[in-house]
Amino acid sequence: QMQLVESGGGSVNTGDSLRLSCTASRNIFSRYVIGWFHQAPGQERKFLAGLWVDGIRADYADAVNGRFTISRDNAKFMAYLQSNSLRPEDSGTYYCAAELMSTQSFRRLRSGVAQIWGQGTQVTVSS
């Protein structure tokens, strides 16, 4: 089974940017719709963004639309989340996830369901 590993987290100040990366272990990566999620301390994991296999069709949660950008490089088996204008409430664990492409992929990701999950990367935004 394909595995996902996130990286790029760290400690930043309010207003800073970070680019999170998600590395897949297998070349079947291009068959999967990718999603990014955020879990703040003591809260449920929430959907942020999803990206279709073509790297073009994207779906964003209202809370991050215009501030975060999801992208992917299928040749490198990698996905990214560019996060700008970070706020203290953006602190927490960021996860990437993958769903084998289907007509239900975006709906499932928005519902917090995915077939494969990474272990997460920590982000701390100081005020």
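User: Which residues do ring pairs link into a cluster in this structure?

Analyst: In this predicted model, ring pairs join Phe37, Phe47, Tyr95 and Trp117 into a cluster.

User: How should I read the geometry of one such pair, for instance phenylalanine 37 and phenylalanine 47?

Analyst: The general idea is that planes over 60 degrees apart count as edge-to-face. Here the ring centres of phenylalanine 37 and phenylalanine 47 are 5.8 Å apart and the planes meet at 70°, so this pair is edge-to-face. Phenylalanine 37 belongs to strand 4 and phenylalanine 47 to strand 5, 10 residues apart, and both residues are buried.

User: Where do tryptophan 52 and phenylalanine 106 lie?

Analyst: Tryptophan 52 is in the loop between strand 5 and strand 6, whereas phenylalanine 106 is in helix 1, so their pair ties together parts that are 54 residues apart in sequence. This aromatic pair is tilted, with 6.0 Å from centre to centre and 55° between the planes, and both tryptophan 52 and phenylalanine 106 are buried.

User: Over which rings does arginine 45 lie?

Analyst: A charge is placed over a ring by its distance from the ring centre and its angle to the ring normal. Arginine 45 lies over the face of tyrosine 95, 4.9 Å from the ring centre, and its charged end also sits over the ring of tryptophan 117, at 3.7 Å from the centre.

User: Is arginine 67 buried or exposed?

Analyst: Arginine 67 has a relative accessible area of 10%, so it is buried. Located in the loop between strand 6 and strand 7, arginine 67 makes a side-chain to side-chain polar contact with aspartate 90 at 2.7 Å.

How values were computed: Residues are numbered from 1 along each chain as its sequence is written. This is a predicted model: local features need pLDDT of at least 70, side-chain atom pairs count only at pLDDT 80 or more; totals for chains, interfaces and linings use all residues. Side-chain values use heavy atoms; hydrogens and water are left out. Helices (H or I, at least four residues) and strands (E, at least two) are DSSP runs, numbered from the N terminus. Buried means under 20% relative accessible area, exposed over 50%, partly exposed in between (1.4 Å probe, protein chains only). A polar contact is a pair of N or O atoms within 3.5 Å; within protein, one must be able to donate a hydrogen and the other to accept it, and residues adjacent in sequence count only if both atoms are side-chain atoms. Rings of Phe, Tyr and Trp (its six-membered ring) pair if their centres lie within 6.5 Å; planes under 30 degrees apart count as stacked, over 60 as edge-to-face and the rest as tilted. A charge sits over a ring if NZ of Lys or CZ of Arg is within 6 Å of the ring centre and within 35 degrees of the ring normal.
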